[in-house]
Amino acid sequence: MAALAMVMPILPGKKDKWLKMIEEINSPAAKPDFDAVRENAGLHERTFLQETPMGDFVILTYDGDDPIAGFGQIMQTMDDDFAAFALDVHGLDASAPPPPMPRLVYDSRS
């Protein structure tokens, strides 16, 4: 199993909108569908909120056989409403080429 971690900014003034979306994603009506997208991509996702004096950030972790390919699948299958949300809140354009993927630089178990 491989892992991928990445960080995305929450743009200034967008934290409340992000928190509302997380509340919706975690609702009983939406969570099964949101989870299924990750499962279909072969991933287990965890999302963390990191609040700092320099701004707020989302830390995403993905575990799976090929997290980079799975993340690409999520990006390609993202519905228009969530894509608009990602662009507005994170500045992430789902229709653009993927951002550079992070690279592992330290592992205490290797």
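Strands E1 and E3 run antiparallel and are joined by nine bridges, with E1 covering 2-10 and E3 covering 55-64. Helices (H or I, at least four residues) and strands (E, at least two) are DSSP runs, numbered from the N terminus, and two strands pair if DSSP finds at least two bridges between them. This is a predicted model, in which local features need pLDDT of at least 70 and side-chain atom pairs count only at pLDDT 80 or more, while totals for chains, interfaces and linings use all residues. Residues are numbered from 1 along each chain as its sequence is written, and side-chain values use heavy atoms, with hydrogens and water left out.

**Strand E3 and its partners**
- Ile59 in E3 stands opposite Phe48.
- Getting from E2 to E3 takes a hairpin of two residues.
- E3 is largely enclosed by the rest of the structure, because seven of its 10 residues are buried (under 20% relative accessible area, with exposed over 50% and partly exposed in between; 1.4 Å probe, protein chains only).

**Asp56**
- Asp56 sits in strand E3, and at 17% relative accessibility it counts as buried.
- Its contacts (heavy atoms within 4.5 Å) are Pro9, Ile10, Lys15, Leu49, Gln50 and Glu51, leaving out residues up to four places away in sequence.

**The nonpolar core**
- A nonpolar core is a set of buried Ala, Val, Leu, Ile, Met, Phe, Trp, Tyr and Cys residues joined through side-chain atoms within 4.5 Å.
- The largest one has 24 residues, and Tyr62, Phe71 and Phe82 have the most contacts inside it.
- E1, H1 (15-25), E3, H3 (67-77) and H4 (80-90) each give two or more residues to this core, and H4 supplies the largest share, five residues.
- Phe71 touches Leu4, Met6, Met8, Leu43, Tyr62 and Met101, again not counting residues up to four places away in sequence.

**The largest pocket**
- A pocket is an open set of points on a 1 Å grid over the protein atoms alone, where a 1.4 Å probe fits, with protein on both sides within 12 Å along at least five of seven lines; lining residues have an atom within 4 Å of a point.
- The largest pocket holds about 490 Å³ of space.
- Its lining has 27 residues, and Phe34, Arg38, Glu45, Thr47 and Leu60 lie nearest the centre.
- Two or more lining residues come from each of H1, H2 (31-40), E2 (43-52), E3, H3 and H4.

Technical notes: Points joined across faces, edges and corners; volume = space filled by probe spheres on them.
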